[in-house]
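Here are my notes on the model you sent over.

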Amino acid sequence: MNSIAEMRDAVFFAGAERGTRLQRFWILLILSSVIAAAGVAADSTATVIGAMIIAPLMLPIQGAMLATVLGDRLNLLRSISLILAGMSASIAIGYVVGLMVPQDIVAATNSQVAGRVTPRLIDLLAALATGVAGSIALVRRDISDTLPGVAIAISLVPPLTVTGLTIESASYGQAVGALWLFATNVASILATGIVVMSVYRVRDRSSDTGATPQKSTRRSTAVLVIMLAVITVPLAVSSISTARSEHDLSTIRALSENWATEAGWHVVDVEVEKPRIVIQVSGEAPEPRTASLARDLAASGLDFDTVSIEFIPIERIELEATT
């Protein structure tokens, strides 16, 4: 098991090596942000994973967690300042990369963005488990080789570059969603880290903190409860909203496909943008009547005001053979 001094040396940007460690942090942060932004813009999962491996943001986040447990205000402020500065730099790099790309980088056309702008409770569960793994790796030297896997599992830099890319694309709602995913991951690392440090009695082994164990315990517990409450409620709302949207989309598609199939047509796409539904169908003339579909949709109890059906006719032309 690592000593308090070893853990402090691993995550705090302090001491004689502070300048060197800060230089390394910024080099890796800039490179990982450029790689992540380019990977998102190219819709390349492999490139984004590469950015996750070298991203250094995990260190100051764990530093903030350890400083909270130890009651070390100076290193807590240093860690928080570094997190905020790193966030700003990654978002700015994402914005600049967005300026270089001719098309908008948004969820509708990019799977990397789509996976990072609607955080749900399942994302919180994954982040909590990953945070536990990272914190245990900090405490125990025998499993520290799991840190590359933790870096891949916990998404830190990619959501920030997505925030910059979507801001540049004027998709501010998606930018907020990506930023909230980052905040969820950060809060999960902090919360699970406090729990893991308590399990391993790190605070009791500390001899260099000015906070009493009772005060430190109350402070850490309060921070833990507040963080979990702040991130859980919005994620629960988002999860419920997403589940309802997926249910509505599935119902509308099923009803549309039944109606289109009976007329010899097929459904090309269904978009639900409440209170409006857009259904695209394709087939050979004549166009099918819509009365039965309207009745089925009305009977489904879905909440919508307008249904638009876009017909895409297929015209067949037989070419005469030439000699």
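1. Which residue in β3 is the bridge partner of Ile279? The answer is Ile309. Bear in mind while you check this that we're looking at a predicted model. The pair belongs to the contact between β2 and β3, two strands that run parallel and are joined by eight bridges.

2. Now the rest of that sheet. It is open, has three strands in the order β1-β2-β3, and its pairing is mixed. At the edges sit β1 (266–273) and β3 (306–313), each of which pairs on one side only. From one strand to the next, the twist averages 15 degrees.

3. As for burial, β2 is largely enclosed by the rest of the structure, because six of its eight residues are buried.

4. Which helix gives the most to the lining of the largest pocket? It's α12 (residues 213–262), with six residues. By class, the lining has six nonpolar, six polar and three charged residues.

5. Staying with α12 for a moment, Ala236 is found in this helix. Is Ala236 buried or partly exposed? With a relative accessible area of 23%, Ala236 is partly exposed, since buried would require a value under 20%. Gly173 is 63 residues away from Ala236 in sequence, and their C-alpha atoms are 17 Å apart in space.

6. On to the largest nonpolar core. It has 41 residues, and those that touch the most other members are Met7, Leu57, Leu66, Leu156, Met197 and Val202. The elements that give two or more residues to this core are α1, α2 (18–41), α4 (58–70), α5 (73–100), α7 (121–139), α9 (157–168) and α10 (172–199). The largest share, eight residues, comes from α4. As background, nonpolar side chains tend to be buried together in soluble globular proteins.

7. Ile4 has its place in helix α1 (residues 4–11). Its relative accessible area is 10%, so Ile4 counts as buried. Val139 is 135 residues from Ile4 along the chain, yet 8.7 Å separates their C-alpha atoms. Ser33, in helix α2, is buried too, with a relative accessible area of 0%.

8. A few backbone spots to check by eye. Most residues other than glycine have a negative phi, and most peptide bonds are trans. Ala170 has a positive phi, near 65 degrees, and is not a glycine. Ala170 belongs to the loop between α9 and α10, and at 49% relative accessible area it is partly exposed.

9. With 53% relative accessibility, Arg201 counts as exposed, because the cut-off for exposed is over 50%.

10. Last one: the peptide bond from Ala285 to Pro286 is cis, with omega near 5 degrees. Pro286 lies in the loop between β2 and α13 (291–299).

Notes. Residues are numbered from 1 along each chain as its sequence is written. This is a predicted model: local features need pLDDT of at least 70, side-chain atom pairs count only at pLDDT 80 or more; totals for chains, interfaces and linings use all residues. Side-chain values use heavy atoms; hydrogens and water are left out. Helices (H or I, at least four residues) and strands (E, at least two) are DSSP runs, numbered from the N terminus. Buried means under 20% relative accessible area, exposed over 50%, partly exposed in between (1.4 Å probe, protein chains only). Ala, Val, Leu, Ile, Met, Phe, Trp, Tyr, Cys and Pro count as nonpolar, Asp, Glu, Lys and Arg as charged, and the others, Gly among them, as polar. Two strands pair if DSSP finds at least two bridges between them. Axes are lines fitted to C-alpha atoms, for helices over the stretch in contact, and angles run from 0 to 180 degrees between N-to-C directions. A nonpolar core is a set of buried Ala, Val, Leu, Ile, Met, Phe, Trp, Tyr and Cys residues joined through side-chain atoms within 4.5 Å.
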